[in-house]
Amino acid sequence: MTVHPPQQSTTGDESAVLGRDGETERILRCATREPGTPQTLLLLGEEGTGRTALLRHVRDRATAEGVLVLAAQGWAEDPRHAHACLHQLLTPPVRDEPAALPAARQRLLTALPHADGPAADETELHAAVTALLDRLAGAGPVLVCVDDADLCGRAFPEALFAAVRQLAGRALTVLLAARHEAALPAPPPGTESLWLGPLDAVSAAALLDRQPTAPTGRHRLEILAEAQGNPLALVELGRGAPGPATSVRHTHVFGARVDAMPAETRRALLYAAAAGPGGSVAAVMAALGTGDLAVWAPAEAAGLIALAEDRFDFGHPLVRSAAYLGRPAGERQQAHRELARVAVRPEVRARHLAAATVGANAFVAASLEVSAWRRGDAVEAARALEQAARLSPRPPERARRLAEALTAAHAAGDPGWVRELYERLVQEGAEPEFGCAAAGALASALSHESAQREAFELLVDASEHFPAVDRSLALALAGLAAGIAAQSGLPEHTAALPALLDRARRARASGRWRPATTGPLARLDTPHTRQAMAALVTAAARPRSATSAPASRGVVHGASPDAPAARTVLAAVAHRADEADVDLGQSRTADERLRGARAFGLRGWSVLALVDTLLAAGRLAEAGSVVEDALTEAAVLRLPRLRADLETQALTVRALRGSLPPEPWFTPSVWRAVCLEENRATHARLLRARGLASVTRGDMEDAWRQFSGLFTADGSSLHPFLSARAVAELAVTAQRTGRSAEVLPVLERVRAEQGDRPSTRMTLLLHHATALVGRDCETEQHFQLALVNHGANRWPWECAHVRLNYAIWLRRCRRTLEARQQLTTVLETAERLGAGALAAAAGSELRASGVAPAPADAGLLEQLTAQQRQIVQLAARGLSNREIGERLFLSPRTVGSHLYNVYPKLGVSRRHQLRDLVQGR
């Protein structure tokens with residue numbers, strides 16, 4: 001059964017124009033405003049960017065909001081029809097009510113020219129249009145929408161512009177859509193231009209998926225890449241297309257333009273299109289057998305193509321497909337042969353040879369396989385390996401290359417592509433080793449989508465063949481099973497991990513499976529990586545025990561691997577051990593390289609832990625940036641579970657920053673696809689994010705409901721790793737709502753599960769929670785124990801959270817001065833981290849402790865941070881660096897460094913000068 005997050009409401013309008021929310025709202029704000037200065041808006045965009053669709057949507061929205069909409073459409077460049085747009089203004093709201101507009105309408109009808117008649121007097125035409133719009137705008141807001149305004153002639157736009165200039169005080173908005181502003185007469189002063197560029201990646205993918213016969217797998221990714229965000233190209237290329245640009249129906253406009261070119265220019269356009277986005281001018285010219293750039297002149301003049309340095313820029317994505325598909329198959333084959341002949345890079349030569357090859361060819365297949373990962377791009381590698389399998393004449397090579405293509409497609413992250421290749425491999429009847437690799441790829445895709453049980457069962461079935469497969473492959477699959485178990489949080493998955501690890505260790509030392517020698521999957525067969533994978537499985541198999549922590553720490557501090565996949569494994573082990581420095585060092589590097597390799601299928605296994613660690617370490621800006629980028633990839637690849645996790649992390653960032661977006665916070669369509677019961681890690685992140693949001697809003701009752709959901713009625717954890725990391729936040733809400741006694745059993749159970757040697761971070765969190773809900777006589781001791789370990793400074797937000805609650809306790813004990821000292825440190829930390837919610841709480845407590853808010857012109861001291869001001873004030877009272885450090889829990893060297901840095905800012909050079917400065921405020 002699918003469980004939905006609470007209090008979700010639907011958002012979004014299926015009829016809306018995708019990716020144009022900003023432009024829509026800007027136009028509607030003008031159209032629905034109170035009477036004032038009339039506004040002119042120009043909606044500009046290249047062919048196929050969706051100007052007409054946006055205008056239609058704006059007209060519908062404006063009409064629904066009570067705006068009178070007058071619409072016109074440019075339709076001819078013939079001067080005899082230049083004024084035809086004026087006739088369209090007499091729509092039923094105008095034409096059918098002559099009693100309401102007798103004079104203005106009649107004046108306009110008189111001013112309009114006939115097709116065969118003489119031209120109208122421009123002065124009279126302007127006056128007629130102004131009179132009509134003045135009469136209509138007198139009754140309410142009016143929006144005039146003109147599509148293809150550059151095809152209406154100059155008289156019509158000039159008449160509208162004249163009305164805008166003259167009708168001050170009227171709620172009139174004129175919206176003109178055109179390709180270029182230069183094609184229109186000079187607009188009135190203050191005219192705003194809205195440029196419609198390509199759709200962003202998420203909107204482009206959503207538009208393609210809306211098509212009746214939307215493509216899947218590799219073809220979907222190819223269309224998204226070829227369309228470059230152009231809505232028309234997305235719609236046309238996606239019409240029942242089994243591959244990129246495979247339909248010629250859309251080429252009737254662009255094909256006609258290409259066909260109008262001279263024969264040599266058409267041939268040149270074909271070669272440029274066949275060269276692909278990475279093709280160079282030099283390579284195409286060499287393939288054409290000419291060095292004369294004049295061959296491109298007609299196409300450049302027609303705007304079909306532009307030569308920029310050593311690359312080609314087609315004027316529209318559909319020009320490329322028209323130039324390619326508009327030529328016979330034999331000419332296309334010859335183009336690829338010539339391009340292969342002059343290619344310098346092996347991967348380019350192999351790609352063109354494959355495009356020119358009909359039927360099986362062992363040499364070309366081998367060339368594709370060898371060069372697949374040469375550029376380190378998972379998408380290109382998977383495509384090359386899939387082609388290599390297609391061209392392989394012998395079944396064993398075909399099965400092996402299909403398995404390698406499947407592994408690369410899994411690295412790329414598209415689940416549809418993975419399924420397509422998996423079905424083909426099953427039909428081939430692959431050997432156990434290839435079948436295990438395929439099972440791992442499919443299991444990873446299933447996990448990213450949400451199906452943890454199905455994914456784990458697939459790996460359990462594959463483990464029956466571990467004795468016959470390569471040990472590195474078996475350990476990698478066991479590590480994947482550990483990742484799935486950590487995501488599901490299901491006890492039965494955790495219990496099955498030791499058996500999987502034992503089977504993996506009994507696998508053969510080597511087998512037929514050959515990990516990629518380059519790319520993100522390289523070097524999974526090193527002894528250190530195998531040791532790290534075993535440590536990862538062991539840690540996941542015993543999440544409630546710290547006995548594996550020393551071994552894990554030994555692994556993470558060993559030799560550092562270079563390949564992203566190996567770094568990901570090492571980062572996962574460090575994450576389990578709360579080794580933040582190693583975790584961030586490895587995962588940042590891996591994330592950067594996986595992003596560059598377009599390997600989001602692998603990145604999805606590390607990015608969530610990376611963001612969790614960044615959040616815990618208080619690196620909110622970096623966490624927000626990583627989440628935003630990963631959310632785009634997850635949306636484009638249609639990975640709902642990953643999107644759900646990332647949405648919770650985005651909410652967590654906003655809650656900690658104190659800048660919550662308006663509800664609803666999540667995308668309902670995404671969450672409907674996620675089963676929280678078998679995705680307890682997602683559920684735990686959801687509960688914590690909503691709890692933090694409620695704390696930021698000041699709703700402690702709802703925060704308690706959310707945080708308490710991280711633990712069951714008997715005190716056990718919803719998720720064996722994530723729940724324990726929220727125990728202090730649970731204790732805070734329990735104390736604020738009078739439920740401290742209810743948390744004690746949970747706290748005792750978490751403490752027992754962490755064992756005798758918990759990590760530094762868990763030690764801090766447990767002391768923090770105990771100080772809040774434990775015995776009153778031990779409160780201060782636990783607060784100080786939480787802060788005394790300098791290793792806890794790796795978690796600055798959590799340390800500041802301890803100080804905040806310690807200060808609250810001190811103030812209630814009437815130890816106001818000590819409370820202020822703690823709060824000043826909290827405020828300085830929160831300002832440095834950008835933790836707005838924490839800063840607001842510290843500021844509120846400072847005011848409650850008697851510290852007045854600083855005036856805007858408070859003087860030199862106000863340019864310092866909160867902690868620097870406190871150090872200066874204590875130094876001005878005559879305290880030594882050591883005494884200041886003891887009060888603020890800082891080292892004397894840190895205090896001295898702060899003073900050294902603030903002297904120039906304050907204009908002093910000696911310590912005794914601080915007293916006069918502070919007393920003189």
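Predicted model: local features only at pLDDT ≥ 70, side-chain atom pairs only at ≥ 80, totals over all residues.
Trainee: Which residues meet where α24 and α35 touch?

Mentor: On the α24 side there are Ala-486, Gln-487 and Ser-488, and they meet Arg-680, Ala-681, Thr-682 and Arg-685 in α35. By class, this contact has 2 nonpolar, 3 polar and 2 charged residues.

Trainee: Now the rings. How many aromatic pairs are there?

Mentor: The count comes to 4 aromatic pairs. One of them is formed by Phe-666 and Trp-671.

Trainee: What makes the pair of Phe-666 and Trp-671 tilted?

Mentor: Their centres are 5.2 Å apart, which is within the 6.5 Å limit for a pair. The planes are 50 degrees apart. Stacked needs under 30 and edge-to-face over 60, so this pair is tilted. Both Phe-666 and Trp-671 are buried, too.

Trainee: And why is the pair of Tyr-806 and Trp-809 called stacked?

Mentor: The angle between the planes is 25 degrees, and the cut-off for stacked is under 30, so the name applies. The distance is 6.3 Å centre to centre, within the 6.5 Å limit. Tyr-806 and Trp-809 are 3 residues apart in helix α41 (residues 796-812), so they are separated by about one helical turn. Together with Phe-783, they form one aromatic cluster.

Trainee: How do you know whether Tyr-806 and Trp-809 are buried or partly exposed?

Mentor: Compare each value with the cut-off of 20%. Tyr-806 has a relative accessible area of 3%, so it is buried.

Trainee: Where does the charged end of Arg-725 sit?

Mentor: Over the ring of Phe-721, 3.9 Å from its centre. The charged end of Arg-761 sits over the ring of Trp-795, 4.9 Å from the centre. Both distances are within the 6 Å limit.

Trainee: Last one: why is helix α31 described as largely enclosed by the rest of the structure?

Mentor: Because 10 of the 10 residues of α31 (residues 607-616) are buried. Among them are Val-607, Asp-612 and Ala-616. After α31 comes Gly-618, with a positive phi near 80 degrees.

Key: Residues numbered from 1 in each chain as written. Heavy atoms only, no water. Contact = heavy atoms within 4.5 Å. Helix = DSSP H or I, 4+ residues; strand = E, 2+ residues; numbered from the N terminus. Nonpolar A, V, L, I, M, F, W, Y, C, P; charged D, E, K, R; others polar. Phe/Tyr/Trp six-rings, centres within 6.5 Å; stacked < 30°, edge-to-face > 60°. Buried < 20%, exposed > 50% of the residue type's maximum accessible area, 1.4 Å probe, protein only. Lys NZ or Arg CZ within 6 Å of the ring centre and 35° of its normal.
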